[in-house]
Amino acid sequence: MSESSAQLIDQYVMKTYARAPLTFARGEGCKLWDSEGREYLDFLAGIAVCNLGHANPEVAQAVCNQALKLVHVSNLYYTEPQASVARLLVENSFADRVFFCNSGAEANEGALKLARLWGKEKKNDAHTVIAMEYSFHGRTLGTLSATGQEKIQTGYDPLMPRFVHVPYGDLEAAQAAMGEGVCAILAEPVLGEGGVIVPPEGYLAGLKDLCEANNALLIFDEVQTGLGRTGKLFAHEHWGVPPHVMTLAKALANGLPAGAVLAVEEAAELFGPGTHATTFGAGPVVMEAARVVLTTLTQGGLVDHAAAEGLYFENKLQLLVEKYGDLLEGVRGLGLLLGLVCKGKAGTALVKLRERGFIVGLAQENVLRFAPPLVVSREQIDALCEALDQVLAEGFEE
Ligand SMILES: Cc1ncc(COP(=O)(O)O)c(C=O)c1O
């Protein structure tokens with residue numbers, strides 16, 4: 001008998017992931033099928049990535065057409081797909097320009113480099129960045145230094161210096177950390193990996209005022225919250241607070257690797273030829289996927305659907321919180337980025353849901369995280385909530 005994919009991966013791939021004992025073979029919309037043909041409803045979307053659903057036919061067609069035409073020439077030349085996506089991003093956001101890359105960490109590295117240039121050119125060499133406790137910004141040395149979670153940093157010291165971490169949602173703490181040496185504040189508009197935490201009213205506006213008063217850049221990491229996930233194209237639109245710089249990745253190309261740094265002209269102009277670059281960024285195939293994603297999302301219907309179904313989902317989860325007050329603390333989140341806060345560890349509930357055919361995630365060990373494809377239907381939300389009701393009725397302490 002030949003080895004299974006799981007055996008081969010366990011043998012040959014570095015062991016950086018604690019994988020579930022599941023080999024997925026196929027997807028469609030919110031559904032996944034494993035190698036044995038068992039069907040699952042996916043409430044994680046590859047960690048907030050496949051917003052248009054798995055195997056979206058329009059994305060697949062655009063990618064296939066482009067792959068047969070031109071795959072790569074580098075950024076030493078112009079290509080049509082990059083032009084379309086750049087225009088879609090700029091015309092539908094606060095930004096004047098975009099830099100394309102390949103992942104969330106790489107986008108945040110780009111934003112941090114821009115912040116360094118800002119400090120050098122515009123603020124007397126200021127280079128401290130105020131970041132948030134429990135934030136997550138990636139796994140490169142720069143972005144894990146920006147990340148406010150020790151478990152991500154362990155083993156990698158010395159870290160990149162000049163990050164000051166303050167409690168998320170605490171404006172006074174950010175004010176106290178601001179000063180002559182600060183070139184930027186970096187924040188997620190909703191903390192994702194940190195536990196799906198929505199900031200208090202006025203917080204993001206307060207950060208913006210603080211930056212403007214101190215000649216510092218406000219950088220929003222919308223890698224997880226961006227592109228329709230929270231019921232608006234970008235999460236910061238909920239509070240009407242556009243940043244100076246924003247990073248995107250995850251959903252940008254519906255599962256193909258794409259990232260972007262968006263910025264207002266005054267910051268964007270600091271990147272000149274030779275100051276920053278990537279070989280693969282904005283490759284034509286990936287950009288064709290991103291073109292379909294952005295065209296679909298900017299037509300509005302799907303983002304409105306995410307807002308409406310997110311509210312419906314949140315209300316249903318709230319009913320479960322009321323029913324199982326001994327096990328659950330509450331519901332947090334916005335749109336289709338929701339966290340069910342448990343009183344103990346949530347890992348057992350995740351496994352029990354998977355055994356019933358539902359894929360969900362964790363954000364910190366006590367929060368069940370839901371980030372389904374935005375095309376999720378009310379019936380699918382009902383099915384998940386029913387399964388969750390059964391799991392809670394059994395109790396799930398570890
Ligand atoms: C807010 C945020 N920023 C950055 C990242 C890193 O993105 P990537 O894994 O594509 O490097 C993530 C990934 O989960 C994220 O949630």
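**Pockets, cavities and rings**

Guide: In this predicted model, the lining of the second largest pocket draws at least two residues from each of helix 4 (80-91), strand 4 (97-101) and strand 10 (259-263).

Visitor: Which residues lie closest to the centre of the second largest pocket?
Guide: The second largest pocket has a volume of about 960 Å³, and its lining divides by class into 17 nonpolar, 11 polar and two charged residues. Of the 30 residues that line this pocket, the closest to its centre are Asn75, Gln82, Val98, Phe99 and Phe100.

Visitor: Are the residues of strand 10 buried or exposed?
Guide: The side chains of strand 10 point two ways, with Gly259, Val261 and Ala263 on one side and Ala260 and Leu262 on the other. Buried means under 20% relative accessible area, and for strand 10 the count is five of its five residues, which are buried.

Visitor: Which residue of strand 10 is the bridge partner of Cys101?
Guide: Strand 10 runs antiparallel to strand 4, with five bridges joining them, and it also runs antiparallel to strand 9 (residues 245-248), with four bridges. For Cys101, the bridge partner in strand 10 is Gly259.

Visitor: What is the volume of the second largest cavity?
Guide: Among the residues that line the second largest cavity are Leu112, Arg116, His127, Arg162 and Cys183. By class this lining has six nonpolar, one polar and two charged residues. The volume of the second largest cavity is about 40 Å³.

Visitor: Why is the pair of Phe24 and Tyr40 edge-to-face?
Guide: The structure holds five aromatic pairs. In the pair of Phe24 and Tyr40 the ring centres are 5.4 Å apart and the planes stand at 90 degrees. Planes over 60 degrees apart count as edge-to-face, and therefore, at 90 degrees, this pair is edge-to-face.

Visitor: How many residues apart are Phe24 and Tyr40, the two members of this pair?
Guide: Phe24 is partly exposed at 36% relative accessibility, whereas Tyr40 is buried with a relative accessible area of 5%. Phe24 belongs to strand 1 (residues 24-28) and Tyr40 to strand 3 (residues 39-42), so that the pair links distant parts of the chain, 16 residues apart.

Visitor: Which residues form one aromatic cluster with Phe43?
Guide: Phe43 and Phe313 make an edge-to-face pair, with 5.7 Å from centre to centre and 70 degrees between the planes. Because Phe43 lies in the loop between strand 3 and helix 2 (45-48) and Phe313 in helix 12 (residues 301-323), this pair ties together parts that are 270 residues apart in sequence. Phe43 is buried at 1% relative accessible area, and Phe313 is buried at 0%. The residues that form one aromatic cluster with Phe43 are Phe313 and Phe370.

Visitor: Which residue lies over the face of Tyr312?
Guide: Arg26 lies over the face of Trp33, at 4.0 Å from the ring centre. Over the face of Tyr312, at 4.1 Å from the ring centre, lies Arg378.

Technical notes:
Residues numbered from 1 in each chain as written. Predicted model: local features only at pLDDT ≥ 70, side-chain atom pairs only at ≥ 80, totals over all residues. Heavy atoms only, no water. Phe/Tyr/Trp six-rings, centres within 6.5 Å; stacked < 30°, edge-to-face > 60°. Buried < 20%, exposed > 50% of the residue type's maximum accessible area, 1.4 Å probe, protein only. Lys NZ or Arg CZ within 6 Å of the ring centre and 35° of its normal. 1 Å grid on protein atoms, 1.4 Å probe; cavity = no way out; pocket = protein on both sides within 12 Å on 5 of 7 lines; lining within 4 Å. Points joined across faces, edges and corners; volume = space filled by probe spheres on them. Nonpolar A, V, L, I, M, F, W, Y, C, P; charged D, E, K, R; others polar. Pairing = 2+ DSSP bridges.
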